[in-house]
Amino acid sequence: MKTASLIKLITTKVKIAHISDLHFSGKKDRRHLADFDRLLDHFNADGVNHLVISGDLSNNADPGDWHLVKDKLKSHGFYHWERCTVLPGNHDLINLEEEMRFYNALNPLSVFGKWSFDRKLAEFTLFFQELISGDEKGDKAFPFVKIINFSSLKIALAALNSVYPWYPADNPLGSRGSITPGQLRALSVEHVLASLKGCFVLGLCHHAYRVYGTDSLIDQAFDWTMELKNREEFLEVLKRIKAKLVLHGHFHRFQSYTVDGIAFINGGSFRYSPQCYSELLLGEGSDFEQTFITLP
Ligand SMILES: [Fe+2]
Ligand SMILES: [Fe+2]
């Protein structure tokens with residue numbers, strides 16, 4: 001009897017797998033693709049309800065790599081609105097070499113760079129539209145809120161784009177992040193807040209709230225290029241929407257930390273640790289368990 005009630009307790013929890021920073025680099029990436037198959041097989045065998053991929057699907061902003069990810073998600077049954085959510089990372093939207101060549105050869109006006117960035121972001125949202133709006137022909141963009149009703153729990157995924165365009169002085173490596181004021185405002189409006197009532201709310205973005213460095217001056221200089229510029233404004237919105245958890249990637253380390261009572265989980269990098277992922281078990285109320293899992 002005791003065992004039966006324990007099983008019931010476990011199965012009523014919602015299981016979310018979180019991976020990040022896949023950095024695919026073309027079809028020749030066979031080992032990497034095989035590792036992805038293995039992980040997705042494991043997620044199915046393990047009863048994962050929803051998969052979150054928090055950006056940097058591609059290494060060089062090549063839509064061909066988005067295709068590879070989409071095909072794998074489809075073949076493993078994850079390419080459905082209620083089963084998977086993907087976000088763009090800086091490596092999906094910014095090709096550093098191209099940006100620099102364009103800047104040096106044509107025109108130093110940043111407005112041209114911003115146009116190409118906006119186009120790339122639109123291309124990404126269109127490409128993964130089915131996972132954003134549930135409709136292949138939809139037209140939703142970031143931010144979006146996905147509310148999924150599980151039998152035991154209603155979860156809300158509030159997804160934001162934190163990739164900030166490349167600028168030679170302000171974002172020289174393209175890896176600094178920022179969330180536009182428009183996105184932050186859109187999540188704070190009354191009808192969105194009302195729709196989140198009774199949900200377990202998770203915030204999603206690519207960039208880390210906190211970049212863990214060391215006391216070394218070289219590391220500190222590096223941290224500056226990786227940071228989320230307006231993290232305090234982001235934190236205010238997270239509090240307003242009553243987010244309990246935030247899932248992100250970018251800073252290729254598996255780590256968890258808490259800021260003002262909100263748990264942040266860094267999903268590390270599938271590219272560098274293809275056998276590792278973060279597992280979340282969400283229960284009723286604000287109850288959750290998080291574990292970094294390593295497959296044998
Ligand atoms: Fe990355
Ligand atoms: Fe990144």
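Me: How many bridges join strand β10 to β11, and in which sense do the two run?

Reply: In this predicted model, β10 (residues 276-282) and β11 run antiparallel and are joined by seven bridges. Strands here are DSSP runs of E with at least two residues, helices are runs of H or I with at least four, and both are numbered from the N terminus; two strands pair if DSSP finds at least two bridges between them.

Me: Which residue takes a positive phi in the hairpin of β10 and β11?

Reply: That is Gly285, with a phi near 70°, in a hairpin that has five residues between its strands.

Me: What is the strand order in the sheet?

Reply: The order is β3-β2-β1-β10-β11, an open sheet of five strands with mixed pairing. Its edge strands, each pairing on one side only, are β3 (84-86) and β11 (288-294). At the β3 end, β2 (residues 50-53) pairs with β3 in the parallel sense over three bridges, and Val52 has Thr85 as its bridge partner in β3.

Me: Before I go on, how are things numbered, and what does pLDDT do to the features?

Reply: Residues count from 1 along each chain as its sequence is written, while chains are lettered from A and ligands numbered from 1 in the order in which they are written. Because the model is predicted, local features need pLDDT of at least 70 and side-chain atom pairs count only at pLDDT 80 or more, whereas totals for chains, interfaces and linings use all residues.

Me: Which residues have the most contacts inside the largest nonpolar core?

Reply: They are Leu51, Ile155, Ala158, Ala159, Val201, Leu202 and Leu204, in a core of 69 residues. Such a core is a set of buried Ala, Val, Leu, Ile, Met, Phe, Trp, Tyr and Cys residues joined through C-beta atoms within 7 Å, and buried means that 20 or more other C-beta atoms lie within 10 Å of the residue's own, with exposed at 12 or fewer and partly exposed in between. Strand β5 (residues 154-159) gives the largest share of this core, five residues. Leaving aside neighbours within four places in sequence, Leu51 is in contact with Ala17, Phe43, Phe78, Arg83 and Cys84.

Me: Is Gly77 buried or exposed?

Reply: Gly77 is exposed, because 12 other C-beta atoms lie within 10 Å. This glycine lies in the loop between α3 and β3, and just after α3 it takes a positive phi of about 75°. The C-alpha atoms of Gly77 and Asn44 are 8.5 Å apart, although the two are 33 residues apart in sequence.

Me: And Phe128, buried or exposed?

Reply: Phe128 is buried, because 22 other C-beta atoms lie within 10 Å, and its place is the loop between α6 (110-127) and α7 (129-133). Its C-alpha atom is 9.1 Å from that of Leu87, 41 residues away along the chain.

Methods: Two residues are in contact if their C-beta atoms, placed from the backbone, lie within 7 Å.
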